[in-house]
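Visitor: I have a structure to go through with you. Can we take it piece by piece?

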Amino acid sequence: MEVPPSIAIIGGGPSGLALARLLEVNGITDYVVFERDQSSTPGPNRQGGTLDLQRDSGQEALKRAGLFEKFSNELARWDAAYFHLLDSAGKTIANFNNTLGDRPEIDRLQLRDLLLESIPQHKIRWGHGVKFVERKPGDGNTVGDNGCIIHFTNGSSATGFRLVVGADGAWSKVRPLLTSASPEYSGKLYIEGKISHNNPSYPIAHELVGPGNMLVLGDQKMIAVQQLSDGHYRVYFALDGPEDFYKRVTSVDADPSKATEEMRSHLLSTNEFFANWTPNLKAFIENAEAPFRPWPLYFIAPEKVGWDRGVAPGVTLMGDAAHASTPFIGEGVNCSMHDAVMLAECLIGHCGNNTTFTHVEEVKLEAALAAYEKNMFKRGQDLIRRSCESGRRLFSDNAGPLVLQMFSGDADSEPVEFANP
Ligand SMILES: Cc1cc2nc3c(=O)[nH]c(=O)nc-3n(C[C@H](O)[C@H](O)[C@H](O)COP(=O)(O)OP(=O)(O)OC[C@H]3O[C@@H](n4cnc5c(N)ncnc54)[C@H](O)[C@@H]3O)c2cc1C
């Protein structure tokens with residue numbers, strides 16, 4: 001008979017699901033995942049892009065989870081670890097293809113499905129968005145219960161957990177138990193669109209980006225393009241701007257198609273944006289399909305990543321919940337999956353595998369969390385710092401050489417020439 005869950009994982013993203021799977025394969029099965037989505041079918045706003053998984057973090061998590069073979073043979077796009085860097089005049093700065101094999105791409109949705117399918121389905125409680133988590137008044141922290149009451153937006157609540165893990169992303173509802181830190185706006189945003197096979201810009205995307213990624217740098221702005229597994233391209237127009245840029249530019253309550261057209265005209269209207277970019281690159285904006293989607297980018301200040309272990313016994317965070325970062329080094333998901341590996345390793349190391357957590361001694365559990373957090377804080381802070389530095393370079397006036405410096409060692413010494421637009 002299955003015991004009631006004693007580990008609550010809040011959030012079924014890459015970090016939460018990776019942890020669930022790692023617990024499962026190590027015989028720790030008394031966990032449950034609470035996810036706010038209603039089902040595994042993502043809504044129209046959550047189709048996701050593509051992620052590259054690094055050998056020592058994302059790939060390592062899949063290896064330990066027993067999922068690497070399926071990933072490698074059926075899903076990983078090994079030929080997509082290819083990266084083309086250009087300037088706004090369309091001139092190639094460099095391309096990077098000698099890292100081929102180290103950072104294969106996978107669609108975010110494929111990664112989610114891979115992890116989801118590896119966990120018994122009854123362990124995921126869909127439609128359980130957490131509203132807030134509170135501590136029982138008084139000495140609620142008794143054997144088998146860390147004293148947390150999890151309140152859900154659907155009006156229900158859950159309690160009686162030994163361990164609560166917040167893996168609920170940048171706007172974590174678990175985080176306030178541990179720290180007052182919260183994400184701050186970076187001053188930069190992405191506007192996302194799509195180039196499908198029949199789009200007039202598809203051939204040029206295919207020529208410039210191929211199966212991988214392209215970054216076009218210039219005048220404190222950027223266009224990023226990446227191919228997904230079905231062959232279509234995801235484009236991001238990146239710029240400095242206020243957090244509510246999209247709302248300011250588009251009419252209040254405009255329908256998404258109308259708002260897209262307003263934003264498109266705005267981005268093409270002046271040299272402040274993309275008006276003076278070379279025609280084939282500007283065409284990505286002219287042709288990208290509606291609806292556009294704004295992504296204001298946030299990060300937690302690195303010095304605010306961390307807390308004293310004694311603050312909230314039996315509670316911890318993973319992934320963006322702990323160390324939300326801007327995406328300028330493309331490592332957020334890798335760091336998050338690395339967290340899952342470390343947390344599972346520390347729990348098993350201190351508390352044992354093939355066990356139920358209800359009766360784990362508090363001192364052992366806290367030692368496991370302390371060991372995990374010591375490692376995670378450092379990696380999270382490092383991720384955010386490196387991403388901030390990368391953002392500074394990507395959006396500078398002199399972006400090309402500065403970004404190239406960052407990649408030195410990875411870049412081909414003789415950049416391969418491409419047909420420029
Ligand atoms: C525009 C953009 C591009 C990016 N590109 C890359 C990239 O190329 N490479 C890379 O490595 N990283 C990238 N990242 C970062 C990466 O997406 C994150 O670091 C990674 O997804 C974090 O995983 P996570 O599991 O911690 O959180 P998330 O992926 O945010 O998952 C959180 C989960 O929790 C659920 N949830 C949220 N709130 C609640 C709640 N209250 N109750 C219950 N469930 C909840 C969500 O529905 C979701 O399933 C990018 C981020 C952005 C914004």
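Visitor: How many residues of domain 1 are in contact with domain 2?

Guide: This is a predicted model. In it, 22 residues of domain 1 are in contact with 17 residues of domain 2.

Visitor: Which helix gives the largest share of that side of domain 1?

Guide: Helix α11 (residues 362–394), with five residues. By type, the side of domain 1 that touches domain 2 has 10 nonpolar, nine polar and three charged residues.

Visitor: Where do the domains run?

Guide: Domain 1 covers 7–77 + 105–181 + 301–395, and domain 2 covers 184–300. Their centres, taken over C-alpha atoms, are separated by 30 Å.

Visitor: Now the ligand. Which residues are closest?

Guide: G11, G13, G169, G319 and G332, out of 30 residues that surround the ligand. The shell divides into 12 polar, 11 nonpolar and seven charged residues.

Visitor: Which helices supply at least two residues of the shell?

Guide: α1 (14–25), α9 (320–323) and α10 (332–351). The largest share, four residues, is from α10.

Visitor: Switching to strands. Is β11 covered on one face or both?

Guide: Both faces of β11 (residues 163–166) are covered. L163 and V165 are buried on one side, and V164 and G166 are buried on the other.

Visitor: Why two sets like that?

Guide: Because side chains in a regular strand alternate between the two faces of the sheet.

Visitor: What does β11 pair with?

Guide: Strand β1 (residues 7–10) pairs with β11 in the parallel sense over four bridges, with I7 opposite L163. Strand β17 (residues 315–317) also runs parallel to β11, joined by three bridges, and there V315 stands opposite V164.

Technical notes
Residues numbered from 1 in each chain as written. Predicted model: local features only at pLDDT ≥ 70, side-chain atom pairs only at ≥ 80, totals over all residues. Near = placed C-beta within 6 Å. Nonpolar A, V, L, I, M, F, W, Y, C, P; charged D, E, K, R; others polar. Buried ≥ 20, exposed ≤ 12 C-beta atoms within 10 Å, placed from the backbone. Pairing = 2+ DSSP bridges. Domains from an automatic or database assignment. Contact = placed C-beta atoms within 7 Å.
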